[in-house]
Each structure stands twice: as C-alpha cells, then as structure tokens.
Amino acid sequence: MRHHRETPLLLGCIAVTLLAVGGAVSRALSGDPNEPLLLLSIPVLVFFVRGQLYARQRVNGVRITEAQFPEAHRMVVDAARYFGMRQVPEAYIVLGNGAINAFASGHGFRRYVAVNSDLFEVGGRLGDPDALRFVIGHEVGHIAAGHTSFWRQFAVSIAQVIPGVGSTLGRAQEYTADNHAYEFCPEGVQGIRVLAAGKYLYPAVDFDDIVARASTDTGFFVMLVNLLSSHPVNTFRFAALADRSTPGRVL
C-alpha cells in the first residue's frame with residue numbers, strides 16, 4: 001500500500017537533514033556556536049510542537065469513545081485491526097469552523113487522529129458513513145505507515161522548510177494513506193469529493209469529471225501548485241483513486 005516514491009523521497013529528505021546537522025556539528029567544533037545550536041535544537045522543537053498539538057486536542061476536542069460517537073469509534077478500531085496495529089489510536093473531533101480537514105499525529109508512544117467537526121458531519125447528520133470510514137482509514141493509515149513517528153518527523157524536519165522538497169514527500173505519503181483508506185473502505189472513495197466542494201455540495205459533484213481533468217488541466221502553473229503543496233492536487237488525487245493500476249502522480 002506504500003507509494004513507490006515514498007521510501008526514496010524519505011531517504012532523500014533524511015540525507016538533507018543529516019547533511020545540515022553534520023554541518024552544524026562541524027561549525028560548532030570550529031568555534032561558531034550560534035547557527036549550529038539553532039539546528040541542533042530542532043529535536044527539542046519537534047518534541048514540544050508535537051506535545052502542544054496533542055494537548056490541544058485533549059483539552060479542546062471531543063473524545064471519540066465506545067460511549068460517545070460509538071459508530072466512529074468502531075471505525076477507528078476496525079481500521080487499526082485491519083492494518084495489523086497493536087494499539088488502537090485515540091480519536092478526537094475538533095471544531096472545524098467550516099474547514100474540511102483531518103490529521104494524524106502522536107506524542108511519545110501515543111498516536112491519535114483528529115477529524116474536524118465539519119468533516120465529521122458528513123458521516124453523521126449528513127448520512128454518508130462510508131465517507132467518514134474512508135477518512136478514518138486514511139488517517140489511521142498514516143499511523144500504520146509510520147508517518148507520525150517522532151524520529152521520522154525529526155529526520156525530515158530540515159527538508160520540510162525547503163520549498164518543494166519536504167512537500168514532495170508529503171504528497172507521496174498522502175497517496176500511501178489513500179491506498180490504506182481504499183483497501184479499508186473502497187466504497188467510501190466517492191466521499192473524497194468533499195475536498196472539492198464541501199460537505200453540502202459534494203454529493204452533486206461528478207467524480208469522473210474531476211478524474212478526466214487530470215489529463216487535460218495541466219501546464220507549468222498546475223505543476224507548480226502541485227509541487228508546493230503538501231497534498232496532491234485534487235485532479236491527480238482523484239485520478240489515482242479511480243485508476244488503481246497507477247500509483248498517483250507525485251510531480
């Protein structure tokens with residue numbers, strides 16, 4: 001289920017970080033401590049950012065449990081078991097304020113997924129549980145694929161600030177998570193239309209029309225938009241989900 005470009009891109013991003021850290025150590029040993037200390041403090045920064053993000057979900061979000069939103073909790077449990085995970089991640093609903101988003105992260109040995117309330121409504125009040133199941137499969141897929149590991153995130157931290165470098169790895173990881181979601185709940189794939197039109201209009205969106213535009217809506221600026229984005233553009237992403245014989249365009 002892992003996108004074939006992910007591992008080479010990961011190794012490249014790790015190489016960028018190792019070169020930067022190696023250079024920082026070299027400058028520190030030569031008597032120039034300022035910039036090296038900034039680079040060498042990155043692991044601490046990554047640790048505190050992850051910890052603060054996790055705390056924010058715990059104190060502001062709504063915990064998904066067997067007693068509270070049990071249907072969604074069962075989806076998380078099913079996804080974890082389907083992917084062979086030893087531990088079921090925690091799950092939270094967070095206030096969306098209109099944003100359609102979900103993410104996976106972790107802190108220490110804990111892993112969790114968070115779904116914005118506006119996206120969560122798609123599987124609840126709006127009555128498309130397969131779409132929510134696909135979303136949860138995607139986010140749990142990130143965890144199953146190792147994308148939320150502290151050491152992985154530290155290893156690519158320098159590459160993440162270089163335009164087009166870390167984001168290219170990010171797009172490969174998104175395809176990997178989509179592959180997990182498709183394996184877990186293929187019937188929910190049409191729910192990804194919510195990313196193009198929002199929670200109310202997406203049922204009227206022609207999925208195949210967006211797929212077809214992957215081969216017609218191209219050009220330099222399309223490539224540039226995709227290059228600088230952490231997620232594949234919708235046309236490329238929809239096309240990869242529609243044609244399972246292709247791995248998805250990273251560039």
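**View A. Arg213 and Asp209 meet in a salt bridge**. Their side chains come together with 3.5 Å from N to O; a salt bridge here is a side-chain nitrogen of Lys or Arg within 4 Å of a carboxyl oxygen of Asp or Glu. Arg213 is partly exposed, at 30% relative accessible area, and Asp209 is partly exposed too, at 41%. (Buried means under 20% relative accessible area, exposed over 50%, partly exposed in between, with a 1.4 Å probe and protein chains only.) Elsewhere, salt bridges that share partners join Arg2, Glu6 and Arg152 into one network.

This is a predicted model, where local features need pLDDT of at least 70 and side-chain atom pairs count only at pLDDT 80 or more, while totals for chains, interfaces and linings use all residues. Residues are numbered from 1 along each chain as its sequence is written, and side-chain values use heavy atoms, leaving out hydrogens and water.

**View B. Lys199 forms a salt bridge with Glu121**. Their N and O atoms are 2.8 Å apart. Lys199 sits in helix α10 (residues 194–201) and Glu121 in helix α5 (residues 117–123), 78 residues apart. Helices (H or I, at least four residues) and strands (E, at least two) are DSSP runs, numbered from the N terminus. Lys199 is buried, at 12% relative accessible area.

**View C. Strand β4 (residues 110–116) pairs with β2 and β3**. Strands pair if DSSP finds at least two bridges between them. Five bridges join β2 to β4 in parallel, with Ile93 opposite Val115. Six bridges join β3 to β4, running antiparallel, and Ser105 stands opposite Tyr112. Five of the seven β4 residues are buried, so this strand is largely enclosed by the rest of the structure.
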